[in-house]
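Reader: I'd like to learn how to read salt bridges in a model. Could you walk me through it?

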Amino acid sequence: MTASPGGGAEQVRATFASAVEAGLRAESVRGASDAEIDAMAEDQRARAVPAAAREVLRLIGTTHGLWLPGSSLGVAAVRGEAKNHAVATANAQNAELSDVDGALVLAAHGGYTYHVVDGADAEQDDPQVWLLTEDEPARVAWPSVSAWFKAITPDVERYRERLEIMRETGSDFLPPWAQDITVGG
């Protein structure tokens, strides 16, 4: 499931570029530095940060914009507390992660759902991502970090269509996310 070295990061960059090409404003997100990423991993006691996950955080790790709105994602939002909750969830479910203590939590939602890289896989370029949700069996939900990133990438076309309809109907209200999307002229 691991791509060739560097392959996962390249796929992440390609997914991001496709979203920008579709009309996402690149300036609507802000990436994290390697030092910030390392501090997040250290706070989580993660074994390592896979290359593909590091690339995600370099792109959207400080401000994630339309990627998983309403969820905790990024170097300031997903720290040791989120990891502690994810570990407790995994342990309560007897999840089949090989190294839950060394795992890296990529995202958290509502204090009950976590997107996690198993610590045993953390040194791989583009490892699988587990979905841990309270009261549901833990499972591998995405075959790789790059597939996870693609799956959570906002549907920019859908946002653009909604904006165009709002503008055509003369709506006085534009949602806050409208500033993150360009509409064709």
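**Reading the salt bridges**

Author: Let's start with one residue. Asp38 is partly exposed in this predicted model, its relative accessibility being 38%.

Reader: Which residue does Asp38 form a salt bridge with, and how far apart are the closest N and O atoms?

Author: The general idea is to look for a Lys or Arg side-chain nitrogen within 4 Å of an Asp or Glu carboxyl oxygen. Here Asp38 pairs with Arg54, with 2.7 Å between the closest N and O atoms. That pair links distant parts of the chain, since Asp38 sits in helix 2 (residues 34-44) and Arg54 in helix 3, 16 residues apart. Arg54 is buried, at 16% relative accessibility.

Reader: And how many salt bridges does that rule give?

Author: The count is seven. Take Glu55 with Arg13, whose closest N and O atoms are 3.4 Å apart.

Reader: Is Glu55 buried or exposed?

Author: Buried, because its relative accessibility is 8% and the cut-off is under 20%. Arg13 is partly exposed at 37%.

Reader: What about Glu55 and Arg58: where do they lie?

Author: Both are in helix 3, three residues apart, or about one turn of the helix. Arg58 has a relative accessible area of 36%, so call Arg58 partly exposed.

Reader: Which residues end up in one network?

Author: Follow the shared partners: the salt bridges join Arg13, Asp34, Asp38, Arg54, Glu55 and Arg58.

Key:
Residues are numbered from 1 along each chain as its sequence is written. This is a predicted model: local features need pLDDT of at least 70, side-chain atom pairs count only at pLDDT 80 or more; totals for chains, interfaces and linings use all residues. Side-chain values use heavy atoms; hydrogens and water are left out. Buried means under 20% relative accessible area, exposed over 50%, partly exposed in between (1.4 Å probe, protein chains only). Helices (H or I, at least four residues) and strands (E, at least two) are DSSP runs, numbered from the N terminus.
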